[in-house]
Amino acid sequence: MSQAKAESVAKAWLLSRSGSHAGTRFPMSDGVTRIGRAPANDIVLEGPEAATVSLQHVEIERVGNACFLRDLESTNGTFLNGERVTNAEISPPGIIQFGNQGPEFALVWEDATTAILDRTIEIPLPADGRTSAAAAAPAPEATHENLLVSAVARARRIRAHGMHGQTMTIMRGVLEQALARSRRRFRIIGYSLAAALVLVTSVGIWKITAMKRDKRAIDAQIHQLETQLQNAKGADEAGQLISRLDDYQGQAQSLERSLLYRLGSPAEDGDFVTRDLRAVMAEFGAEVYSIPPDFLERVNHYIQQDQGPNRPLIAHALTEAGPQIQTIRGILREEQLPPDLAYIPLVESALADGPGSAAGAVGPWQFTAPTARALGLRVDGQIDERKDLVKSTRASCKYLRDLILDFGAGSSVMLALAAYNSGTSKVKQAVVKNVRDPIQQRNFWYLYRMQALPKETREYVPKVFAAILIGRNPRRFGF
């Protein structure tokens with residue numbers, strides 16, 4: 001006779017449907033699960049297939065048997081069952097995609113059943129009904145089955161001698177013996193596991209210490225090369241230094257991607273500007289291990305300018321003109337461009353109505369009349385659509401998209417910013433004149449370190465990044 005009691009426990013998983021992790025399941029516990037390319041996420045997506053994944057892309061909150069998705073203002077958006085969403089409840093089979101062509105995950109619910117079985121065990125006896133002395137008094141190495149056989153034999157002998165009511169006492173004694181044997185076995189297993197854990201932990205600590213030491217040495221070499229680059233004489237010397245710098249940066253990034261290093265080395269805080277600058281560059285697809293010191297210095301310089309002499313203009317743009325920035329960000333998202341490009345108008349016009357520049361540029365995006373007409377805007381004696389926020393922003397999206405496509409992959413958003421300021425032709429002429437390598441001609445950081453870009457452009461890009469950092473963190477910078 002047997003009776004089973006089962007308790008059903010719901011489990012949720014995210015099942016990878018594409019890329020090198022296809023078939024991998026990630027458990028979804030109660031609370032928030034964050035997904036993106038940054039090491040601090042609960043699920044970290046890496047490799048070529050993660051090109052459309054933002055640093056912090058999406059978070060999924062599980063509340064009981066329900067899951068809710070929230071897009072974290074990702075660059076390429078989050079799609080649920082083929083539709084782009086910002087906030088949505090996920091129901092199986094829910095297919096989540098990071099960007100229009102990015103990695104896919106499916107939400108899977110699974111019922112795992114745990115059963116507790118209560119049953120009476122029948123132990124067969126020999127045909128003659130007799131039990132040997134060895135069975136009546138089991139040896140120390142006897143199994144639990146032998147203990148039960150011995151107990152049954154003892155109970156029968158006692159009943160044969162006219163003694164009753166002792167069965168439960170005998171069975172209790174057998175149970176105590178079985179538990180004692182189990183405890184001894186589990187103690188041995190526990191000690192073995194503890195010893196193995198100590199050994200693994202010791203090896204891990206030793207490896208992490210060695211990796212940290214190696215990374216400190218690499219960082220020292222990178223710092224030295226960056227200093228030498230600022231004082232390089234001639235393109236040949238600068239090119240050799242950059243080649244060595246790239247090698248060291250590759251080694252450092254390889255260490256940082258190591259799971260063991262990430263477990264033993266929490267992300268370094270650094271200063272706020274550098275940390276947030278890296279986050280923006282990651283979303284722009286322009287990550288770099290070592291930001292050139294002179295670039296960082298110019299970003300900080302323009303932040304101080306915006307906090308000082310330019311403060312009234314920036315304050316106006318972030319307060320009275322705040323709704324305009326939100327409108328621009330919304331259009332950029334629709335056009336699948338980085339929303340932070342909405343802060344370009346802070347540099348161009350501070351979103352203030354004015355007579356225009358000396359070159360005849362007008363409107364929030366400061367288009368000249370020929371450029372505006374080329375982008376489909378009407379500019380004549382009656383109407384000037386350069387001043388129309390929505391129309392000029394959509395024209396800017398077209399212009400920026402053309403620039404990004406023109407400069408190709410890699411750090412194309414950075415080069416597009418450079419060309420937005422001085423024009424595509426001017427940037428290309430300067431690049432071709434100073435750099436012959438066609439691969440490096442599309443690498444913003446190589447061109448910046450080689451000082452191949454026009455001086456005005458070298459100043460414009462840090463100025464835009466200063467506006468982006470202030471726009472993302474107004475309170476941090478006193479606005």
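Residues are termed partly exposed when the relative accessible area falls between the limits for buried, under 20%, and exposed, over 50%. In the predicted model described here, Asp406 has a relative accessibility of 30% and therefore counts as partly exposed. Lys428 belongs to the partly exposed class as well, with a relative accessible area of 35%.

The side chains of Lys428 and Asp406 are paired in a salt bridge, with an N to O distance of 3.0 Å. Because Lys428 is located in helix 14 (residues 424–434) and Asp406 in helix 12, this pair ties together parts of the chain that lie 22 residues apart in sequence. Salt bridges with shared partners also link Glu73, Asp276, Arg329, Arg333, Asp340 and Arg472 into one network. In total, 24 salt bridges were counted in the model.

The side chains of Asp402 and Lys398 meet at 3.3 Å, N to O. Both residues are part of helix 12 (residues 389–407), where a spacing of four residues places them about one turn of the helix apart. With a relative accessibility of 37%, Asp402 is classed as partly exposed, and Lys398 falls into the partly exposed class at 42%.

Glu385 and Lys391 form another salt bridge, in which the closest N and O atoms are 3.0 Å apart. The two partners fall into separate accessibility classes. The relative accessible area of Glu385 is 14%, which is under the 20% limit, so Glu385 is buried. Lys391, by contrast, is partly exposed, its relative accessible area being 41%.

The surroundings of Asp380 were examined next. Asp380 is situated in the loop that runs between helix 11 (369–374) and helix 12, and its relative accessible area of 35% makes this residue partly exposed. Two polar interactions of the Asp380 side chain are described here. The side chain of Arg378 is joined to that of Asp380 by a polar contact of 2.6 Å. Asp380 and Ala369 are 11 residues apart along the chain, and a distance of 8.8 Å separates their C-alpha atoms.

Methods:
Residues are numbered from 1 along each chain as its sequence is written. This is a predicted model: local features need pLDDT of at least 70, side-chain atom pairs count only at pLDDT 80 or more; totals for chains, interfaces and linings use all residues. Side-chain values use heavy atoms; hydrogens and water are left out. A salt bridge is a side-chain nitrogen of Lys or Arg within 4 Å of a carboxyl oxygen of Asp or Glu. Buried means under 20% relative accessible area, exposed over 50%, partly exposed in between (1.4 Å probe, protein chains only). Helices (H or I, at least four residues) and strands (E, at least two) are DSSP runs, numbered from the N terminus. A polar contact is a pair of N or O atoms within 3.5 Å; within protein, one must be able to donate a hydrogen and the other to accept it, and residues adjacent in sequence count only if both atoms are side-chain atoms.
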